[in-house]
Amino acid sequence: MFIPISNSDPRPLYEQISEGIKNKILKGELLPGDALPSIRQLAQDLKISVITTKRAYFELEQQKLIITRPGKGSFIANYDVNEMASLNLLEIEHQIKGVVAYAKRTGVLRKDLEDIFYKILKEEY
Amino acid sequence: MFHLVAKDFYINRKYFLLVILIAGLISGTMFYENNISGIVFPLVMICYGMLTRSCYHDDKDRGNIFLRMMPIKPSTIVFSKYVFGLLVIVVGFFPYMAISFLGKPLGLELNIEYGAMGISVFIISFAHSIYLPVFFKYGYMKARTFQTVFYIGIMIVSLSLKSFIETIKLSIPISQGQWLIKPLSNMVELFSQNNVMSSIMYILISFIMLGISAIVSVRLYQTERR
Amino acid sequence: MEDNILEIINLSRSYGKFKLSDVNIVLPRGYIMGFVGANGAGKTTTIKLIMNMIRRDSGEINVFGKDNIKYEMQIKDKIGYVSEQPVFYDDLTVDWTAHFAKKFYSNWDDTIFTGLLKRFNIDKTKKINQLSKGMKMKTALALALSHRPELLILDEPTSGLDPIVRDELLEILMEFIQDEKRGVFFSSHITSDIEKIADYVTLIDNGEIVLSEEKEDILNRWKLVRGDHRELKGLKEDLIGLRLSKTYFEALIKDIDAFEKKHDTSSLVVDTANLDDILLHLARREN
């Protein structure tokens, strides 16, 4: 299981990992019941600290995306499809917010931003 | 304990063969010249040399860290050096005894000088008793310097003492000095007798000395600043 | 298991002019702690105190929950230790050294030792003084791991070693920690190694512990700020190790959240600080 993490990413490592796994769930690469590597295995694999992977899994547990059974490991939870969809929307909202913030910082006008958005929608979606 | 002592022998194995060879050679020469007390000095040097060599390997930036990281009691480390020191004496005397023993059937009259042996054991033990506490407290380099200074000191003191006694001897009439000279000369006579008794006495004193030294060493080793 | 594998409480030791004062460190089982500090900050002294190689003046050290002096033998049977410059008996072979060490441990496992030697490509018939620096460290590591220790204590294991050997070491440590009953305490002044794999970081400066926390918390909270000289007003008391260059200032801040609440940071640049940055600015603080 490849989880993209990068030193140049400003997000903390654990967030990169939990989001990486979340993305795989959203895309359907990981299905309910699928086993995840153990916290320690994943840490060794990525050569990062155990606490980091532990925290990443904890985040996912909080979001009810995975469940951890003591002594057995962590698995993808039987998540609610609707909940998943709303989570997905939340993610999109989050990303658009980033774009808008960037536009604001660089002084792009609201009108231009709207134009770009509709143009892309037209072409790609 | 056994492994520590065995380790000391193993580390010194090459030197050890040399020691037996030299000790044998010297013993042979001494028998030949019939001047057995001459064996004392070389034996002392050899035994002392072997002990300090093993200490060198166990010095603070060397074996000591290795030993102290393992579950070995500090006192065991200390005692093992004393045991090694004693065994070294046995090894040093081995050729001497062997030659005497083998000479008999050949019709050679090679008697063991117990007195000389006792003195040797005493001097070696004395050297070890002084050296080891200093080593366990301050390490190899400082102990070596200390020893050098110490023995030069002893030599100067004993030489001046000798001339001092001679002056006293000359200035005090024999009859008046008896009370001092008599017991002294009695003692000297007792210790210089070439018999098993005096040898045993020397060895006994040596053991007491080493025992006290070992206790001091354990104390110092546990509080040292390594 | 939630207990602590290593606990240091108010440890003090003075050494002529050098003074190690009130050291407090806690390492829970299952994790790696990196011990960072400049040369002479007190890393080796602390480690030697844990190993009871030198005497403490006051304080307490518990390993596996037991006093390190009272239960020294029991504890050392379960500690693997690699010293700054691994020294054994120069004239003896790797194999002999292992056979010697084996006699003193209750849990020695030959297969671990031979396995590690093979992996490290070390010829066990070689004498210690024929090994390169990296090889010596690896031999020491193999010896330290072969009696199935629970706690691994490494004093500057990576100093003077090439990146490949250092990477191998990190790999070994991550493997070691797969068993959650174990722990690793290692000192280094190469902070990138610690930044990679350590769960906890303890920073020592001039004989005092500056911080000892989860690494991620440290890296998330401690930040570098840069800005125009004009912005300095009112900030100074919250800046650590301030450095003024011609056009801007740079300093360390302890807690970005608190800082942002207190000050307007819109015209400042807030940057991630790595352990080196933290060390550097803390060192500057004294001058």
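**Note on a predicted model: domains, a chain contact and a helix pair**

1. Chain C is divided into two parts: domain 1 (1–78 + 150–157 + 185–212) and domain 2 (222–286). The C-alpha centres of domain 1 and domain 2 of chain C are 30 Å apart.

2. The two domains of chain C touch. Domain 1 of chain C gives nine residues to the contact, and domain 2 of chain C gives seven. On the domain 1 side, two elements of chain C supply two or more residues: α7 (191–197) and β9 (200–205). By class, that side of domain 1 has six nonpolar residues, one polar and two charged.

3. Chain A also meets chain C. Eleven residues of chain A and 17 residues of chain C take part. On the chain A side, α2 (39–46) and α3 (50–62) each contribute at least two residues. The chain A side divides into six nonpolar, three polar and two charged residues.

4. In chain B, look at helix α1 (residues 2–11) and helix α5 (residues 74–103). They pack at an angle of about 50°, and their axes are 9 Å apart. Angles from 65 to 115 degrees would count as roughly perpendicular, and those under 35 as roughly parallel. α1(B) and α5(B) are therefore oblique to each other. Their crossing is right-handed.

5. Which residues of α1(B) meet α5(B)? They are B:Leu4, B:Val5 and B:Asp8. Their partners in α5(B) are B:Thr76, B:Ile77, B:Ser80, B:Val83, B:Phe84 and B:Leu87. By class, this helix contact has six nonpolar, two polar and one charged residues.

Notes
Residues are numbered from 1 along each chain as its sequence is written. Chains are lettered from A and ligands numbered from 1 in the order in which they are written. This is a predicted model: local features need pLDDT of at least 70, side-chain atom pairs count only at pLDDT 80 or more; totals for chains, interfaces and linings use all residues. Axes are lines fitted to C-alpha atoms, for helices over the stretch in contact, and angles run from 0 to 180 degrees between N-to-C directions. Helices (H or I, at least four residues) and strands (E, at least two) are DSSP runs, numbered from the N terminus. Angles under 35 degrees count as roughly parallel, over 145 as roughly antiparallel, 65 to 115 as roughly perpendicular and the rest as oblique. A crossing is left-handed if the near helix is turned anticlockwise from the far one by less than a right angle, and right-handed if clockwise. Ala, Val, Leu, Ile, Met, Phe, Trp, Tyr, Cys and Pro count as nonpolar, Asp, Glu, Lys and Arg as charged, and the others, Gly among them, as polar. Domain bounds come from an automatic or database domain assignment.
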